[in-house]
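Me: I would like to go through this model one question at a time. Please take me through the strands, the pairing of the chains and the surroundings of the DNA.

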Number of protein chains: 2
Amino acid sequence: MAENDTEEWTQRAQRVLAESRHHAGAARRALVELLDSQTCALSAIEIEDELRARRRPVGRASIYRILDELERLNLVQKLQIGQAMARYEPIRPGPGHHHHLVCDNCGTVTPFTDDGLETAINRLSRRVPMRVHEHEIVLHGACPDCAA
Amino acid sequence: MAENDTEEWTQRAQRVLAESRHHAGAARRALVELLDSQTCALSAIEIEDELRARRRPVGRASIYRILDELERLNLVQKLQIGQAMARYEPIRPGPGHHHHLVCDNCGTVTPFTDDGLETAINRLSRRVPMRVHEHEIVLHGACPDCAA
DNA sequence: ATAGAAACGAGACTGAATCTCATTCCTATA
DNA sequence: TATAGGAATGAGATTCAGTCTCGTTTCTAT
């Protein structure tokens with residue numbers, strides 16, 4: 001993730017938030033910046049812990065409220081990856097787009113990309129009886145360590 | 001789902017369970033039959049309610065225990081579809097294989113199939129740094145009713 | 001028939017996620 | 001710059017899916 005891509009998402013998020021009739025809360029800014037600094041999905045609890053570690057604690061209710069709002073504004077995608085809790089990550093246009101491998105043994109989550117898959121999804125999305133906004137692809141299996 | 005496909009899954013499940021050094025419990029049989037009678041994924045709570053409604057109540061602990069076991073034996077797939085709770089459905093060879101559309105507004109889950117997608121996934125599965133056992137594809141969006 | 005093992009289920013417990021509501025923070029306006 | 005009123009925040013209670021424990025019941029090999 002290049003430094004200025006990173007800048008772009010935070011700025012786009014702040015702009016979209018500002019446009020949707022809101023005050024600019026400090027908790028929200030901290031959370032947006034944290035999300036942008038990550039390369040893969042975080043759970044709400046990880047976000048809570050990390051913000052506290054950075055000396056910018058944010059209440060749990062606020063975290064979920066902000067994540068829901070970011071999701072509604074299409075700024076983050078909520079992922080339901082195998083385990084019980086949801087994970088969240090920024091939606092970035094183009095090359096940032098990826099999907100996830102999940103090791104069912106140790107729980108590790110690894111991102112991957114595939115153009116053939118995206119093509120198939122796009123074609124399919126037009127054929128299907130629903131207006132498709134997002135897609136979520138998870139491959140389950142055993143990671144190299146656990147398959148050994 | 002043709003009637004004899006239905007028969008086949010229950011029978012295969014019973015056989016695989018019998019082969020893996022088990023007694024034949026009544027709760028397990030009831031759950032296997034319920035799963036087989038469905039055309040799309042059920043949550044554990046829905047299973048609990050439906051079994052109670054059928055006058056064959058099964059304890060919650062047993063439901064989860066049996067579902068976990070069926071998953072380990074590759075007889076059911078556990079799906080993490082958008083919402084908080086997991087859903088389970090029988091793994092049937094061939095034409096039964098499908099994926100899911102989820103309406104983010106009303107929560108409706110609809111199955112779909114796509115050969116192009118399967119091809120892309122199979123190709124991809126060989127390229128990726130993990131031994132892939134299962135894949136899970138969810139398209140999120142607005143169903144015809146909610147998009148209106 | 002029965003002993004031992006496997007399966008079962010009631011209910012306590014855990015932890016993610018939601019809800020409530022009093023407090024604090026922003027910003028438009030004066 | 002002060003301030004009023006709405007928006008944002010967060011502590012804590014609550015909900016609910018899922019897990020765990022352990023005593024009871026059921027199954028099957030003998």
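Me: Which residue in the turn of the hairpin formed by β4(A) and β5(A) has a positive phi?

Reply: This is a predicted model, in which local features need pLDDT of at least 70 and side-chain atom pairs count only at pLDDT 80 or more, while totals for chains, interfaces and linings use all residues. Residues are numbered from 1 along each chain as its sequence is written, and chains are lettered from A and ligands numbered from 1 in the order in which they are written. Strands here are DSSP runs of E of at least two residues, and helices are runs of H or I of at least four, each numbered from the N terminus. The hairpin of β4(A) and β5(A) has five residues between its strands, and the one in the turn with a positive phi, of about 85 degrees, is Gly107(A).

Me: Which residue of β5(A) is the bridge partner of His99(A)?

Reply: Two strands count as paired if DSSP finds at least two bridges between them. β4 (residues 99-103) and β5 (residues 109-112) of chain A pair in the antiparallel sense over four bridges. Within β5(A), the bridge partner of His99(A) is Phe112(A).

Me: What is the order of the six strands in the open sheet?

Reply: On chain A, β4(A) pairs with β6(A) in the parallel sense over four bridges, with His100(A) standing opposite Val138(A). Between the chains, eleven bridges join β6(A) to β6(B), which run antiparallel, and Gly141(A) has Val132(B) as its bridge partner there. The pairing in the sheet is mixed, and the order is β5(A)-β4(A)-β6(A)-β6(B)-β4(B)-β5(B).

Me: Which strands are at the edges of the three-stranded open sheet of chain B, with the order β1-β3-β2?

Reply: The pairing in this sheet is antiparallel, and β1(B) and β3 (residues 87-90) of chain B are joined by two bridges, with Ser43(B) and Arg87(B) as bridge partners. An edge strand pairs on one side only, and the edge strands are β1 (42-43) and β2 (76-79) of chain B.

Me: Which element gives the largest share of the side of chain B that touches chain A?

Reply: Two residues are in contact if their C-beta atoms, placed from the backbone, lie within 7 Å, and the contact takes 32 residues from chain B and 32 residues from chain A. On the chain B side, the elements that give two or more residues are β4 (99-103), α5 (115-127), β6 (131-142) and α6 (144-147). The largest share, twelve residues, comes from β6(B).

Me: What relation does the superposition of chain B on chain A show?

Reply: The copies are superposed by least squares on the C-alpha atoms of residues with pLDDT of at least 70 in both. A rotation of 179 degrees with 0.0 Å of shift along its axis brings chain B onto chain A, with an RMSD of 0.2 Å. That is the relation of a two-fold axis.

Me: In chain B, which residue has the C-alpha nearest the axis?

Reply: The same surface serves both copies, as 100% of the contact residues of chain B recur in chain A. At 2.3 Å from the axis, the nearest C-alpha in chain B is that of Ile137(B).

Me: Which element gives the most to the surface near DNA strand D?

Reply: 26 residues surround DNA strand D, and the closest include His22(A), Gly25(A) and Ala61(B). The elements giving two or more residues are α2 (26-36) and α4 (60-72) of chain A together with α3 (44-53) and α4 (60-72) of chain B. With four residues, the element that gives the most is α4(A).

Methods
Near = placed C-beta within 6 Å.
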